[in-house]
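Could you walk me through this structure in my viewer, telling me what to select at each stop and what I will find there? I have it open and am ready to click along.

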Amino acid sequence: MAVRPQHMHDGGIVERRLRPIYDWLDNGNNKKALQEAEKVLKKSPSLQAARALKALALFRLGKRTQAHALLDELAAEKLSDDTTLQAMTISYRESQQLHKVCELYESAVKVEPLNEELHSHLFMSYVRVGDYRSQQRAAMALYKFAPKNPYYFWAVMSIVLQAKTSEDATKRGILLSLAQRMVDNFITENKMEAEQEARLYIMILELQEKWEDILKFIESPLYSQLVPGSSAQACIPYLKKLGQWRRLNLLCKDLLWDNQDRWDYYLPYFDSVFQLMKEGEGEGEGSADDTAEKCHEFICQLVESMTSGRTLRGPYLARLELWKRLSESGDPTSLLGSGVALCVQYLRVFANKPCAVPDLRPYMAMLPQKERQEQSRDFLTCLGFEEKSEPETTMDVQRHISCLAAWRLAAAPMTAEECLELANTLRTHYLRSFSKGLLTATLTEFCATDGYGILAAHHYFYAAMQQKSTAPVVEALCLLELVLSHSPANFHVKLLLVHLYHFLGNAYAADSIYQRLETKHVQLVSLGWLHAARVSTACAPSRALQLLAATAGFYTHHAKDSVEHLTYAYKYGTFEKLVELRAWGSRLEACVWGGIAARDRALNTLLAGPAPLLHAPAAPLPESPADNRDLNVIVSFEPPEYQDPDLKERTFDQELAYLRLKDALLSSIALCIECSDSRPLEERRRQYEELKTCIDAFSEAMEKCKQKYSVKERISISTPFPSRIFAFVNSPVPYRELYYEGVLMVGALAVGDIKEAQERCSNVSALTATAPELLRPHLATDDWLLRDTLETLANYLEFIGIINCLLGVCNELVAPASTKKSKKKANQSPDEIKTTEHLNKLNETVQSSITFLEEAFEKLPLHRYESNLEKEFSKLTIDKQFGVCPVETKLQNGRQDMITEIQNLLKRKSQCLKSLIH
Amino acid sequence: MTTIRPFTCEDMLKFNNVNLDPLTETYGLSFYTQYLAHWPEYFQVAESPSGEIMGYIMGKAEGHGENWHGHVTALTVSPDYRRLGLAATLMNILEDVSEKKKAYFVDLFVRVSNKVAINMYKNLGYIVYRTVLEYYSGDPDEDAYDMRKACSRDVNKKSVIPVTHPVRPEDVD
């Protein structure tokens with residue numbers, strides 16, 4: 001963030017002297033900035049602005065104590081110089097001491113009570129800490145001597161926010177009527193002058209549910225003066241609230257005559273028709289549509305009114321919507337005929353557009369399943385196509401693909417053989433397009449033909465799932481890589497590739513494509529499930545660490561930035577957005593994926609980080625957790641009976657349960673470490689008690705989750721793989737007991753309960769000793785189960801990382817590094833010697849576990865690679881070269897890189913363990 | 001078939017099917033929130049009946065005196081919803097807002113290589129006002145066209161008299 005204030009007051013010497021300091025700070029060279037500041041201070045030691053900038057430079061150099069001392073000193077001087085105050089504000093903001101900014105400006109306005117700028121900074125300082133009452137006070141004080149509209153509405157908004165957050169209904173009512181009165185007065189005095197002020201007024205009326213008043217206001221000359229040309233549209237929600245269906249109906253019809261493609265007018269129109277139908281006999285006045293017949297007639301008129309030129313989808317889709325709504329309460333066929341026929345008709349008109357299938361998808365579910373399946377071929381044949389048709393133009397290719405896709409959405413699922421046959425046919429279509437010059441993709445635009453490849457990949461996948469064989473998946477991967485190499489912009493293909501490489505358990509191959517998606521910023525949140533969340537389960541911890549660090553970076557950055565956006569919203573008077581921005585900030589803070597990523601990162605660091613230090617995430621678990629995943633990004637071509645409307649909610653619940661488990665585990669480890677440091681025994685005991693509660697909670701939750709999450713989710717091509725909670729709680733290795741005994745072993749040792757520590761230690765040893773035997777039957781011999789095997793192993797690797805860390809802590813407890821080795825042995829009591837023996841035993845057991853793991857990774861099944869794509873390609877009579885299909889190499893290298901990484905890492909762990917033996 | 005509504009923060013979680021397109025930049029969060037906080041009426045989204053984001057437009061109003069104008073910062077349509085006239089619909093909205101704000105003209109920058117977009121803007125009445133040299137950084141840097149269309153307030157269409165010599169990015173105000 002730039003440090004330099006936007007307006008420097010003092011155009012003279014001071015500014016000239018400060019300029020180099022600002023330059024260095026803005027360039028990130030804080031050391032130079034500090035030197036420069038000191039140079040200026042030599043000449044004028046009391047220059048406040050220079051001291052404030054020095055403090056900022058010190059803070060950014062990590063010299064917090066010095067920085068804060070300087071800031072405190074300055075604060076005591078009762079400043080009012082804007083340059084100094086702003087520099088101090090930045091320091092406080094960066095050190096998350098926002099309340100100090102409030103204090104700073106509180107005393108500044110005392111020095112200069114009529115300084116508008118200082119008052120407005122004071123207001124913003126309250127905004128940053130969310131102190132609405134003080135905001136109100138500051139805004140009113142400002143308005144009194146600088147009577148400008150924005151200040152007045154800052155005060156109004158601050159009252160509204162107090163009302164919104166008040167739990168006391170009476171208080172809320174009083175606050176809202178106060179806010180309303182304040183605006184009413186302004187309106188009477190003819191002082192309202194901006195659109196956003198009008199919107200704030202509507203917001204206040206909405207919160208009081210005064211729908212009538214809102215309508216009156218919207219219809220007033222003032223509203224159309226402030227918000228020109230939108231009154232009609234603005235009435236819609238309130239007419240609905242008031243149940244004025246007849247008026248709503250006429251209004252929407254009017255709007256639709258001029259905007260036949262606006263879905264946001266159709267929906268309230270339909271609402272009004274169906275309400276009027278329910279109400280029955282109306283007054284009959286006007287030409288409101290109060291029957292399905294009239295509604296249909298209106299839609300037909302819209303269709304007919306479309307003159308030459310563009311055919312709009314609106315009226316056609318409206319007919320489908322009418323069918324759908326009628327089918328919910330009765331039989332639409334007498335009026336509209338068969339639903340399948342209507343859908344087919346839609347396809348016939350719009351099949352040349354890529355949106356035809358996405359448009360139809362939501363309406364497939366309304367069709368009676370039997371009828372839909374029986375007549376599904378109508379979708380394929382309505383334009384004269386069949387599976388093997390060979391369209392000659394790109395337009396016809398798009399039509400063919402739309403018809404094929406709609407047919408598959410409508411039809412009954414096929415057998416594996418049928419899927420394979422169709423996939424092969426589609427692949428042939430794709431290959432044929434080469435020789436026909438139908439591949440029109442460029443670096444930045446993809447083309448219709450890609451659709452053959454995508455649809456083929458989906459069907460290869462369906463076949464694979466039925467046959468429990470990876471061969472069709474490999475076939476899909478080869479084809480998709482070919483499509484991508486000729487259509488590098490096609491992100492649908494990239495998404496499928498990432499997902500399918502993960503399906504085979506190959507994180508590195510997936511990563512090669514993921515990087516080409518160039519996901520960043522907020523996409524790290526919405527698309528984290530696709531890749532970043534899978535990498536550590538596929539045993540690629542160092543790449544996982546990189547991805548998780550990038551994710552964490554996004555959240556940290558946002559946490560620092562988000563309050564600033566609120567100040568912008570006040571500055572520009574966009575009050576509606578203010579509420580939205582606040583909610584958005586909390587939604588990101590409460591992100592479950594963000595929580596998992598932070599914990600996954602901490603646990604991965606224990607395993608694969610440069611030093612096995614625990615960086616427990618500072619942020620506590622969110623109170624109202626938020627699901628920010630975008631699960632619609634991969635397109636599905638499965639029929640409606642496979643659609644799973646609860647999937648998002650259900651998988652979110654699983655992710656949340658997993659987050660809670662991992663949080664409890666990580667908190668326990670953190671407590672272990674805390675109660676083993678040099679704090680007094682009394683405090684340690686307190687920590688130990690806390691540790692017991694924490695690990696008990698973990699243990700109980702593990703048990704509950706084991707019962708709740710026993711049946712794995714169905715795997716589909718477009719949704720996340722089953723949550724990690726399944727493999728974790730159902731693991732053959734008893735993690736509940738292992739972690740329970742493990743952390744309590746450390747705790748007991750830390751408070752000197754030697755006997756208990758020894759007992760727990762031998763329990764962990766015994767449990768660890770059996771782990772290899774328990775894991776062995778779960779190691780795949782066939783590549784079909786490789787992904788599951790890797791996840792099982794990843795969980796065990798996580799244990800290796802944790803137990804290593806715990807043994808390190810124990811080592812510090814029994815033989816602190818500060819004492820010399822020779823001394824240690826000599827001074828040990830018999831009890832201490834026994835403890836050391838127990839720990840050595842556990843250490844050796846973990847080491848043999850590591851040997852087992854090394855062998856297990858060596859023996860992982862190879863990916864089978866059989867594809868006849870290259871052969872098929874060579875049959876084409878074109879001079880294009882196939883090039884080398886990268887799939888085989890990617891799979892082999894990915895596997896080898898993973899094994900090498902894990903073995904190196906295990907070697908390091910083993911060496912580390914050996915160094916702890918005494 | 002479209003719902004046109006103001007872009008909201010939550011749309012950022014579902015705009016992947018638009019933003020994964022290589023010509024659409026995904027900016028840092030604060031870039032979007034700044035536009036939302038400053039020019040909410042200029043940030044509109046087109047949504048399909050099933051709730052998918054079909055495209056969006058992001059813009060602002062800036063400049064002094066006769067340079068007061070609407071600016072298109074980003075206009076993007078998902079590949080699945082192209083050739084439906086959506087870009088024109090969104091541009092219309094931005095022009096309407098600019099008219100209401102009494103702007104003199106609307107302008108935008110486009111890569112000189114982006115023939116499809118340039119043609120579309122020409123069809124919507126935009127002219128190439130000037131060339132901005134090496135406006136887009138990359139390997140190699142690419143020039144931009146600064147395209148303009150006059151609003152009704154600019155009665156004499158002064159704002160759309162092309163400048164014949166190219167300018168450097170730092171000279172663009």
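Select helix H3 of chain B, residues 86-100, and show what surrounds its buried residues: they pack against strands S2 (43-47), S3 (53-62), S4 (69-77) and S5 (105-111) and against helix H4 (115-123) of chain B. Keep in mind as you click that this is a predicted model. The buried residues of H3(B) to colour are B:Leu86, B:Ala87, B:Thr89, B:Leu90, B:Met91, B:Leu94, B:Glu95 and B:Ser98. If you draw a distance from the first C-alpha of H3(B) to the last, you get 21 Å for 15 residues, close to the 21 Å expected at 1.5 Å a residue. Just after the helix, click on B:Lys102, which takes a positive phi of about 60°.

Now widen the selection to residues 2-152 of chain B. The UniProt annotation for this span, from an unreviewed entry, reads "domain: N-acetyltransferase". The span is 25% helix and 36% strand, and its end C-alpha atoms lie 27 Å apart.

Next, bring up the place where the two chains touch.

Let's zoom out to chain A as a whole. Its secondary structure comes to 44 helices and zero strands. The C-alpha atoms of chain A fill a box of roughly 100 × 80 × 55 Å along the principal axes. Of its 918 residues, 47% count as buried. Among contacts in chain A between residues at least 6 apart in sequence, 67% join residues at least 24 apart. To see the assigned domains, colour domain 1 (13-181) and domain 2 (684-713 + 721-862 + 883-914) of chain A. The centres of these two domains, taken over C-alpha atoms, are separated by 50 Å.

Then select helix H17 of chain A, residues 292-305. Its 14 residues reach 20 Å from first C-alpha to last, close to the 20 Å expected at 1.5 Å a residue. Which residues of H17(A) are buried? They are A:Cys295, A:His296, A:Phe298, A:Ile299 and A:Leu302. These residues sit on the same side of H17(A) because they cover an arc of only 155° around the axis. An α-helix has 3.6 residues a turn, so residues three or four places apart point the same way. Among the elements covering the buried residues of H17(A) are helices H15 (245-258), H16 (263-279), H18 (313-329) and H19 (333-336) of chain A.

For the last stop, click on A:Leu666, in helix H35 (residues 647-674) of chain A. Is A:Leu666 buried or exposed? A:Leu666 is buried, because 23 other C-beta atoms lie within 10 Å, where 20 or more make a residue buried. Leaving out residues up to four places away in sequence, A:Leu666 touches A:Arg599, A:Ala602, A:Leu603 and A:Ala616. Finally, draw a C-alpha to C-alpha distance from A:Leu666 to A:Asp600: the two are 9.5 Å apart in space and 66 residues apart in sequence.

Technical notes:
Residues are numbered from 1 along each chain as its sequence is written. Chains are lettered from A and ligands numbered from 1 in the order in which they are written. This is a predicted model: local features need pLDDT of at least 70, side-chain atom pairs count only at pLDDT 80 or more; totals for chains, interfaces and linings use all residues. Helices (H or I, at least four residues) and strands (E, at least two) are DSSP runs, numbered from the N terminus. The expected span of a helix is 1.5 Å times one less than its number of residues. A residue is buried if 20 or more other C-beta atoms lie within 10 Å of its own, exposed if 12 or fewer, and partly exposed in between; C-beta atoms are placed from the backbone. The arc is that of the directions from the helix axis to the C-beta atoms. Two residues are in contact if their C-beta atoms, placed from the backbone, lie within 7 Å. UniProt positions are given in the numbering used here, feature names are shortened, and annotations may be inferred rather than shown by experiment. Domain bounds come from an automatic or database domain assignment.
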